[in-house]
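Here is a friendly walk through one model, meant to be read beside the coordinates. Please keep the viewer open as you go.

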Amino acid sequence: MDEKKTAIVTGASRGIGRATAVELAKTGYFVIINFKSNEAAAAETLKLVQSAGGDGEISQFDVADNVQTKDAVKAIIERHKNIQVLINNAGINADGLFMLLSEEEWDSVINTSLKGFYNITKPVLREMVRHKCGSIVSVSSLSALMPNRGQANYAAAKAGMIAASRSLASEVARFGIRVNVVAPGLIETDMIKDAPVAEIKKMIPMARLGKPEDVANVIRFLCSSDASYITGQVIGINGGIC
Ligand code: NAD
């Protein structure tokens, strides 16, 4: 039985999830590095976690799949009794004008971010309630607050995560569980590799894209005791867009 405090980070094979796994490991969490398909990239995250002086393990499941996620969480809890942190980071985009959005493009984006939130938070929460302690941080987006054209599916999924988190925060505060959201602007990851960066920078007061670590640092803070009176909040990380 492993009693070391444990954090689960979904979609941690790269980008913001990878940076978050490393940050949490630095503060002493044993990190469960979730990935859907790219095992080699997840193993690379584990190497970075270990190079940072921490430890963890990789865990394959698709957060959009309820049964797969429930079974995976059950196995994680059997191995690591002390799940104190859950980071709902896995997400995808499939942009397109609403009139042209296919049902598959709508469902896949909603099912990954919003249904994924339900699929993993529910079984993890049960364990946190038992221990009367926990911190859940979900990675939403500036798009939830200032939706762009061509992102109805993504904006809806990310706004749904905010509403669900705020509702949940008020339900579980009395159990010592905090539920918060980060809303990044444009962050340099594979997700935005095709975005018109030069144009976008003109709209950012700080005139630069964010780095995955800019988000990971805020997530680490939200999971720490320094944030012990913060719950139900949405923290923007966007270089000054307001
Ligand atoms: P990314 O594409 O590099 O990473 C997304 C991660 O989620 C990948 O590891 C991917 O494999 C994983 N993933 C996707 N579907 C999954 C599933 N069904 N099950 C498990 N894992 C799955 O992009 P990123 O920028 O690091 O994105 C991380 C989160 O941040 C996403 O939720 C994204 O919507 C959000 N976000 C990103 C930006 C940005 O500008 N990059 C801005 C705001 C919010």
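This is a predicted model: local features need pLDDT of at least 70, side-chain atom pairs count only at pLDDT 80 or more; totals for chains, interfaces and linings use all residues.

## I136 in strand 5

I136 sits in strand 5, where strands (E, at least two residues) and helices (H or I, at least four) are DSSP runs numbered from the N terminus. With a relative accessible area of 0%, I136 counts as buried; the classes are buried under 20%, exposed over 50% and partly exposed in between, using a 1.4 Å probe and protein chains only. Leaving aside residues up to four places away in sequence, I136 touches L86, N88, T121, L125, M128, L168, I177, R178, V179 and N180, contact meaning heavy atoms within 4.5 Å.

Residues are numbered from 1 along each chain as its sequence is written, and side-chain values use heavy atoms, with hydrogens and water left out.

## Helix 4 against helix 6

Helix 4 (residues 103-131) packs with helix 6 (residues 152-172) at an angle of about 15°, their axes 8 Å apart. Here axes are lines fitted to C-alpha atoms, for helices over the stretch in contact, and angles between N-to-C directions run from 0 to 180 degrees. Helix 4 is therefore roughly parallel to helix 6; the cut-offs are under 35 degrees for roughly parallel, over 145 for roughly antiparallel, 65 to 115 for roughly perpendicular, and oblique for the rest. The crossing of helix 4 and helix 6 is right-handed, a label used if the near helix is turned clockwise from the far one by less than a right angle, with anticlockwise giving left-handed.

Which residues meet here? On the helix 4 side they are E105, W106, V109, I110, S113, L114, F117, T121 and L125, and on the helix 6 side A152, N153, Y154, A156, A157, K158, G160, M161, A164, S165, L168 and V172. By class, this contact of helix 4 with helix 6 has 14 nonpolar, 5 polar and 2 charged residues. In that scheme Ala, Val, Leu, Ile, Met, Phe, Trp, Tyr, Cys and Pro are nonpolar, Asp, Glu, Lys and Arg are charged, and the others, Gly among them, are polar.

## Helix 3 against helix 4

Helix 4 also meets helix 3 (residues 66-79): their axes come within 9 Å and cross at roughly 30°. That makes helix 3 roughly parallel to helix 4, and the crossing of these two helices is right-handed. From helix 3, N66, T69, K70, V73 and I77 meet K115, Y118, N119, I120, P123, V124 and E127 of helix 4. The residues of this contact divide into 6 nonpolar, 3 polar and 3 charged.

K74 is another position in helix 3. K74 is exposed, at 54% relative accessible area, and its C-alpha atom is 23 Å from that of V49, 25 residues away along the chain. H80, in the loop between helix 3 and strand 4 (83-88), is buried at 4% relative accessibility.

## The aromatic pair

How many aromatic pairs does the structure hold? It holds 1. The ring centres of F98 and W106 are 6.2 Å apart and the planes stand at 90°, so the pair is edge-to-face. Rings of Phe, Tyr and Trp (its six-membered ring) pair if their centres lie within 6.5 Å, with planes under 30 degrees apart called stacked, over 60 edge-to-face and the rest tilted. F98 is exposed at 56% relative accessible area, whereas W106 is partly exposed at 30%.

Most residues other than glycine have a negative phi. K132, in the loop between helix 4 and strand 5 (134-139), has a positive phi near 55° and is exposed at 53% relative accessibility. A207, in the loop between helix 7 (197-201) and helix 8 (212-223), also has a positive phi near 55°; A207 is partly exposed at 48%.

E23 lies in helix 1 (residues 15-26) and counts as buried at 9% relative accessibility. Not counting residues up to four places away in sequence, E23 touches A216, N217 and R220.
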